[in-house]
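This report reviews selected backbone and surface features of the structure shown below.

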Amino acid sequence: MKLELSRIVQGCRLGVLTGLGKTGQHSLEIPGCLLYTRCATVPHLTQDTLHTLNSLPSVTQIAVDTLAEHHEVLAEFKEGVRKFAGLHDTVLYCSLHDPATPCPPGHITNKTVSVWGSGGRIELTAQRFMALQTVLRPDWYQCMADGETWPTNTSRKRVRKAVDRTLAHLDECLLLHHKSPELKEAEVFGAIEGGDILEERVRSARETAKRPVGGFVLDGFRSDAMDQEVRGQLIAAVTAELPAEKPRLLQGVGRPDEVISCVEAGVDLFESFFPYQVTERGCALCFSFTISPDPEAAGTRRSKVLESNGEKPDADADADAAAIEVPGESGATSPENMTRFEMDLKDKKYREDFRPLVDGCTCYCCKNHNRAYVHHLLVTNELLAGVLLMLHNTAHYLGFFSALRGALVSDRLQDFKKRVLQ
Amino acid sequence: MSTKKAVCSVAPLALRIVAECPVSKARACDLRLPHCTVNTPVFMPVGTQGTMKGITVDQLEDLGCQICLGNTYHLGMRPGPELIEKVNGLHGFMNWKRNLLTDSGGFQMVSLVELSEVSEEGVRFRSPYDGKEILLTPEQSIAIQNSLGSDIMMQLDDVVSSTVTGPRVEEAMKRSIRWLDRCIAANKNPDRQNLFAIIQGGLNAELRKACLDEMTKRDVPGFAIGGLSGGEEKDDFWKMVTLSTDHLPREKPRYLMGVGYAVDLVVCVALGCDMFDCVFPTRTARFGSALVPWGSLQIKQKQFAKDFQPIDPDCQCATCRRHSRTYLHALFKTDTAAMHHITIHNIAYQLTLMRSVRQSIIEQRFPEFVRQFMRRMFPLREQYPAWAVEALASVNITLD
């Protein structure tokens, strides 16, 4: 694995990770995201539907959470999780936890961490964690870590302990890693802990960077537990300590606005659980991220994206005439945790809205179906709703990352931010 | 009568008999419908609410499905015929390029809605969504189906449970004939939408015969055999089926409603039926039951936790080509995609079975196909269901 940085713009690292996978044939552009899965399947999707998406990330994320319970089966299978799950040719990154389903706190000891599968809690020692990695056979994996420092007001003592434990886990895992022929080609990603305490974050970063790791996982920065300003400062402090030539993956952050801030703080890679969460609440990503290629033409060119959370960003009168909202008919309550980057397709106002989810979007859902149909599938609880929304939301999210890279290439990060954050 | 004939002579349907089994009543036909030609015998998967249970229309097309069902009752309630009409009917609403068949809505009212009452006018019931009282008349059923724009519409019939006996059966049969005439008269699109009659008469051979005599006088484009598959004895079931096909015109398609188990399909093809539908293959898939030539596999059962084979090693579907029983077993605990995988497999199983049946009829080896099919499904001769043995014998197919 090699990270080729082409430029750094206002802290944002633009580049490409090359030589990925068993034969080194894959590459991944940064800033970028991984493909999110549960039990090694992109939620709701079969391989047929998944591959209607263009330019899938070359790295797929799996999580110990949803796979630990299948340890014995995988051990008997012997050929790794990629083949077990019938996955396409993809690089596999294995994280400790599923970012979309946070674990209940209070189950970490000096020697163990716990993960939660469909059958309940599974306690892992470093030995068992590594035995699982040898049967999963990922290309990259996050080392066992104590990431339980996200609750606010976690004591300094607890935070220090988390850093110490995580470093101890890393040393033990690395020892086992180097003895394992199955993991010979795999890269270990060291987890950086430290909660919201700057000195501990810096200590964790410095110590982890001394170890022979392939990359870094920035853990314990979950969106729901930390203010973006604090997160940005901490991440900037952490990345300042890390070697430039190794990738930094941030866990638990997925909102577009937070992603941009974290890229500015020096993060390279993100998970893509956010489109899944949007899908699960029956919503569709619809925020704008297209900036016109020519700055001279900015303002005269119409946006590709018609609507952002029900608000029309520009006067696209012709197309919108058909969708006049009936006052009072719109659902008063939005789904819990809904962000301003999405639209609630269960809302009655979409009942007769025959436009694609996002105008100009080329995903399978937008090319073949419309808002009214997805609304119908949602109100009738049909399974196809999850399929179509997952396709659209994933496509939109990948498009956002691609546009972000494009903005860095063309030195137009400010225009891009303005567009996304409007 | 002459006007009815004139209407039907332009019916958007043509049946070409490709081959007939020289032994049994089985036949292979090409049924030309507005959106494409359907090769029969055919199994039609059911997409109740304008979607095939988590499968995209492209996947359904790739499976080789030429016709599927939508339910008038459900679609009439949500999203409603007015909305669907605005997007060029159900085809446009769900973006399905091939044929659609819609039922009349009557069956769901009787089976799903507790408070329903049948009169000469129609079926009166209370909407489960808003509690409003609704009257579904033959005219309204056809009006909704005209809005849906299906290639084949079904007449509204007076459905009684197949286990009911007595005068109610005769009343329902006679009313269904009167309602057929009202449906024919109500069809606004006879040039693009075919209306099928539904033979009723319960399990009473005389009533069935009377219904057949009356309905075959109407020049409708096709006939369905209704009022069966409702929990009656299989002995009664197959006798009513074979009686119906004996009296239905050879040149028109015969649709046996609500039949989808593999054995029933094979036997009823032998009895002369062309078209079938059933929710079973897709519903059972969502409970983790995968159909195979020797029965079914309950994928969620522990025995499949370490079974690294595909569901059916001989199956060519997308699921079997990529996934093992063990992975599907694991995935069932986590994600709905597991259901989609089995739904795809089960639809593939049904459609492949019917294609094999058709091929054997064309190649004049249908009786041998039936024997092989039964041997694979039931390893022991004693396991053959007596009704199936008897039904097949009635059309000269003897099992070894």
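## A strand residue in chain A

With a relative accessibility of 34%, A:Thr125 counts as partly exposed, because that class lies between the under 20% of buried residues and the over 50% of exposed ones. The model is a predicted one. A:Thr125 belongs to strand E9 of chain A, which covers residues 120–125. Between A:Thr125 and A:Gln228 there are 103 residues along the chain, and their C-alpha atoms are separated by 33 Å.

## Backbone geometry

Most residues other than glycine have a negative phi, and most peptide bonds are trans. Two residues of chain A are described here for a positive phi. A:Gln10 is not a glycine, yet its phi is near 45°. A:Gln10 sits in the loop that connects strand E1 (2–9) with strand E2 (12–20) of chain A, and its relative accessible area of 47% makes it partly exposed. A:Arg137, likewise not a glycine, has a positive phi of about 55°. The loop that holds A:Arg137 runs between helix H5 (126–136) and strand E10 (140–142) of chain A; with a relative accessible area of 31%, A:Arg137 is partly exposed.

A:Pro31 is located in the loop between strand E3 (26–30) and strand E4 (32–33) of chain A. In chain B, B:Thr40 and B:Pro41 are joined by a cis peptide bond, again with omega about 0°. B:Pro41 occupies the loop between strand E3 (37–40) and strand E4 (42–45) of chain B.

## Overall form of chain B

Chain B contains 17 helices and 16 strands. Its radius of gyration is 21 Å, close to the 21 Å given by the globule rule for 400 residues, so chain B is as compact as a globular protein of that length. Along the principal axes, the C-alpha atoms of chain B fill a box of roughly 60 × 50 × 40 Å. Of the 400 residues in chain B, 60% are buried.

## Surface features of chain B

Four residues, B:Glu233, B:Asp235, B:Asp236 and B:Glu390, form a negative surface patch. B:Glu390 lies in helix H17 of chain B, residues 386–394, and is partly exposed at 39% relative accessibility.

B:Ile134 is part of strand E9 (residues 133–136) of chain B. At 28% relative accessibility, B:Ile134 is partly exposed. B:Ile134 and B:Ile361 are 227 residues apart in sequence, with a C-alpha to C-alpha distance of 46 Å.

Definitions and conventions. Residues numbered from 1 in each chain as written. Chains lettered and ligands numbered in written order. Predicted model: local features only at pLDDT ≥ 70, side-chain atom pairs only at ≥ 80, totals over all residues. Heavy atoms only, no water. Patch = residues over 30% accessible without salt bridge, like charges linked within 9 Å, V, L, I, M, F, W, Y side chains within 5 Å. Areas by Shrake-Rupley, 256 points an atom, 1.4 Å probe, with all protein chains shown as cover. Salt bridge = Lys/Arg side-chain N within 4 Å of Asp/Glu carboxyl O. Lys, Arg positive; Asp, Glu negative; His and termini not counted. Charge placed at Lys NZ, Arg CZ, Asp CG, Glu CD. Helix = DSSP H or I, 4+ residues; strand = E, 2+ residues; numbered from the N terminus. Buried < 20%, exposed > 50% of the residue type's maximum accessible area, 1.4 Å probe, protein only. Rg over C-alpha atoms; globule rule 2.2 N^0.38 Å.
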